[in-house]
Amino acid sequence: MKPLSLLLLLPALLACQSQNPYKAESNSLPPAPAQAAQQVDLSAYPAAPRDYGRYRNWSWLNRPAGSAWASTELIEQALSNALDQRGLRPARSDITADLKVSAELRQETRIRQVAEHYGSHYGHGRYGSDYGLWGSAPLVRTYEEEVIVVHIELFDGRDGQPVWRGSAQTLANGSQSERADALRDAIRQALAAYPPA
């Protein structure tokens, strides 16, 4: 090793020999306040899992508003039948319902695009060692569709906390009977994930 490099290395070696300026010390934790023994901080724990099996009946929180597309009676009947299929019965008027139901129907416009690929070729064959020329160009068509969106929300009857929500949509066209079938199908789709697994 060259003497010059040893002279340059010497300050680095001397720096390693110096005392560590940091000391390992800790202060003890202060004692807990006296009321801590009687008080439980529930925010420190996750919420208990909800027991959906205890929900047996329901009543309206907000009755759905009818429209030119579907009457209030049709919406209420379709939703009542769909809830009945989930094991939820309408509550008697003299008891507090396990669930409160809110439903809303909205008409919205959606944009749908459809791409169709048209192509042509020139030559003998498309595959293998034959020669040829191929090409295609997509034709994209854009459509505006009117849809009916169904939003359903369920709330706990005791504490009013939201329990579950779902939505689905259906095309807003057809005859009155086709619309009724589409509404029933949309409500069935909206409730398909209830109760959650």
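Which residues is Leu79 in contact with, leaving aside its neighbours within four places in sequence?

What we have here is a predicted model, in which local features need pLDDT of at least 70, side-chain atom pairs count only at pLDDT 80 or more, and totals for chains, interfaces and linings use all residues. Residues are numbered from 1 along each chain as its sequence is written, and side-chain values use heavy atoms, with hydrogens and water left out.

To the opening question, then. Contact here means heavy atoms within 4.5 Å. With those sequence neighbours set aside, Leu79 is in contact with Trp60, Val101, Ala103, Ile152, Ile187 and Leu191.

Leu79 also belongs to the largest nonpolar core, which has 31 residues. A nonpolar core is a set of buried Ala, Val, Leu, Ile, Met, Phe, Trp, Tyr and Cys residues joined through side-chain atoms within 4.5 Å. Buried means under 20% relative accessible area, exposed means over 50%, and partly exposed lies in between, with a 1.4 Å probe and protein chains only. The members that touch the most other members are Leu79, Leu99, Ile152, Leu183, Ile187, Leu191 and Tyr194. At least two residues of this core come from each of β1, α2, β3, β4, β5 and α3. Helix α2 gives the most, with six residues. These elements are DSSP runs numbered from the N terminus: helices are H or I with at least four residues, and strands are E with at least two.

Helix α2, residues 72-85, also takes part in a right-handed β-α-β unit with β1 and β2. Right-handed means that, with the strands pointing away from the viewer, the path from the first strand over the helix to the second runs clockwise. The two strands run parallel and are joined by two bridges; strands pair if DSSP finds at least two bridges between them. Asn57 has Arg89 in β2 as its bridge partner.

Rings of Phe, Tyr and Trp (its six-membered ring) pair if their centres lie within 6.5 Å; planes under 30 degrees apart count as stacked, over 60 as edge-to-face and the rest as tilted. The count comes to four aromatic pairs. Tyr52 and Tyr55 make an edge-to-face pair, 6.1 Å centre to centre with 65° between the planes, and both residues are buried. The ring centres of Trp58 and Trp60 are 5.1 Å apart and their planes stand at 85°, so this pair is edge-to-face. Trp58 and Trp60 are both buried. Finally, one aromatic cluster is formed by Tyr52, Tyr55, Trp164 and Tyr194.
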